[in-house]
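I am opening a notebook on a structure that is new to me.

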Amino acid sequence: MMLGYLLGRAGIKTVVLEKHADFFRDFRGDTVHPSTMQVMQELGLLADFLKVPHDEISKLEGQFGTTSIRLADLSHLKTPCPFIAFMPQWDFLNFIDSQGRRFPELQVHKKTEAVELMKDGERVIGVIAKTEQGPVQITADLTVACDGRHSLMREQAGMVVEDIGAPMDVLWFKVGKPEGSTDGVFARIQSGQMMVMLDRTDYWQCAYVIAKNGYEKVKEGGLDKFRSNIVKLAPITRDHIGDVRTWNDVKLLSVQIDRLTQWAKPGFLCIGDAAHAMSPVGGVGVNLAIQDAVAAANLLFDKFGNGVPLLDDLNRVQARRAFPVRATQAIQVFVQNRLINRAITDKQFSPPLVMRIVSSSPWLQGLTARMIGIGVRPEHVHTPEAKRAG
């Protein structure tokens with residue numbers, strides 16, 4: 001949606017395909033970081049964007065048993081919005097969709113699923129899409145795969161995936177939230193357990209971290225024990241833990257970290273999770289995908305006028321974004337292996353020395369805030385808004 005918006009805004013005919021009737025998807029991330037809101041400001045959308053219901057958090061804190069650790073303080077970042085906004089991603093996407101309707105060059109086709117790449121020799125020339133009216137062919141000078149970590153399009157293009165690995169999975173469930181209640185704790189670790197809670201206004205979206213492939217072992221312990229563990233971790237869930245009625249209310253999210261060795265082939269480019277699946281650590285996946293979109297638009301918007309983007313043009317997108325992806329994934333792997341894996345396996349786990357040092361130093365909290373909120377090599381909008389007659 002972001003790449004479609006940027007290209008449509010620049011006057012390039014762009015079609016975005018969404019296979020569902022809407023953007024509502026339970027597993028989509030909620031965190032909108034300062035780097036993304038900087039892009040919104042550069043597009044002139046920030047004031048309206050902030051009118052969309054959301055929650056704001058500037059200080060990230062973890063609870064290790066009875067010990068509180070402040071991991072980052074974003075309040076001093078020199079950005080338009082020195083905080084993380086928690087906004088359901090379907091609201092984010094609906095906002096971009098509604099704002100993009102003023103650009104006639106941008107079309108968003110819902111209930112339209114890309115199922116097959118069309119090729120002319122080695123070059124991708126579009127897709128065959130499945131619709132309620134039957135299959136349609138959509139030709140394009142450039143086809144961009146934004147279809148996630150299980151991308152069908154990148155599979156059909158024969159892209160090579162490098163698996164980085166992750167020692168954990170996540171159990172995803174909802175617990176009702178009493179009206180007016182709040183909680184500034186972002187992550188909780190206690191007695192070999194870890195959980196992150198996202199405030200979605202009238203309920204908590206909970207992410208309970210488990211060892212890789214450990215879901216069956218959790219289920220063997222029984223639902224009552226699982227619910228009891230949640231309440232011990234987060235007493236604020238006590239009154240509504242009954243919302244987890246059966247194991248059907250608990251969804252397994254398999255965590256993976258990977259990246260493509262090459263993001264592009266002639267006429268074809270992958271960005272976002274289709275190019276690099278990120279761990280949930282830091283909640284940065286959404287924001288890296290948006291940075292990819294901004295970089296791709298910046299590098300490619302002027303390549304459509306007198307021809308088509310060449311493979312060298314597409315490779316510049318990877319060259320621009322590969323270092324931020326690798327650096328962020330390296331940090332995620334470090335946190336997973338040195339912190340999270342120990343936290344969920346060691347019942348006597350206590351905050352590591354480095355975290356206690358960060359918690360005691362506002363300056364270091366500013367550094368971690370910049371890494372989480374701004375990231376490595378943030379992108380800025382360089383695409384123009386096309387002028388229209390009349």
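The entries below record what I looked up, one topic at a time.

**Entry 1: the model.** Before anything else I noted that this is a predicted model, and I read each entry below with that in mind.

Entry 2: I looked up an open sheet and found 3 strands in the order β11-β20-β19, with mixed pairing. I then noted that β11 (143-145) and β19 (264-265) are the edge strands, each with a single partner, so one side of each has no neighbour in the sheet. For the pair β19 and β20 (residues 268-270), I found that the strands run antiparallel and are joined by 2 bridges. Within this pair, A264 is placed opposite L269 of β20. As background I wrote down that strands of a sheet pair through backbone hydrogen bonds, parallel or antiparallel.

**Entry 3: the cores.** Which members of the largest nonpolar core touch the most other members? I found M40, F49, F92, F268 and L269, out of 64 residues in that core. The elements that each supply at least two residues of this core include α1 (2-9), α4, β20 and α9 (311-343), while α8 gives the most, with 7 residues. Apart from this core I found another, of 30 residues, and L60, A72, V281 and F349 are among them. In general, nonpolar side chains tend to be buried together in soluble globular proteins.

I went back to L269 and listed what it touches beyond four places in sequence: among them are L142, T143, V144 and A145, and also W263, A264, A296 and L300.

**Entry 4: the largest cavity.** My search of the whole structure for cavities of 30 Å³ or more returned 2 of them, and the largest has a volume of about 40 Å³. I found L269 again in the lining of the largest cavity, together with L3, L7, L142, V144, A296, A297, L300 and F304. Both α1 and α8 supply at least two residues of this lining, and the largest share, 3 residues, comes from α8. By class, the lining has 9 nonpolar residues, no polar ones and no charged ones.

**Entry 5: the second largest pocket.** I next looked up the second largest pocket, whose volume is about 580 Å³. Its lining has 18 residues, and those nearest its centre are G192, Y208, K217, V218 and I344. At least two lining residues come from each of β16 (203-211), α6 (215-220) and α7 (223-233), with β16 giving the most, 4 residues. I recorded the classes of this lining as 7 nonpolar, 8 polar and 3 charged.

**Entry 6: two single residues.** Beyond four places in sequence, D97 is in contact with M1, F23, V108 and K110.

H382, by contrast, lies in the segment after α11 (362-373), and it counts as exposed because its relative accessibility of 58% is over 50%. Setting aside neighbours within four places in sequence, I found H382 in contact with N298 and F301. I also noted that H382 and L43 are 339 residues apart along the chain, while 9.9 Å separates their C-alpha atoms.

Terms used: Residues numbered from 1 in each chain as written. Predicted model: local features only at pLDDT ≥ 70, side-chain atom pairs only at ≥ 80, totals over all residues. Heavy atoms only, no water. 1 Å grid on protein atoms, 1.4 Å probe; cavity = no way out; pocket = protein on both sides within 12 Å on 5 of 7 lines; lining within 4 Å. Points joined across faces, edges and corners; volume = space filled by probe spheres on them. Nonpolar A, V, L, I, M, F, W, Y, C, P; charged D, E, K, R; others polar. Contact = heavy atoms within 4.5 Å. Pairing = 2+ DSSP bridges. Core = buried A, V, L, I, M, F, W, Y, C linked by side-chain atoms within 4.5 Å. Buried < 20%, exposed > 50% of the residue type's maximum accessible area, 1.4 Å probe, protein only.
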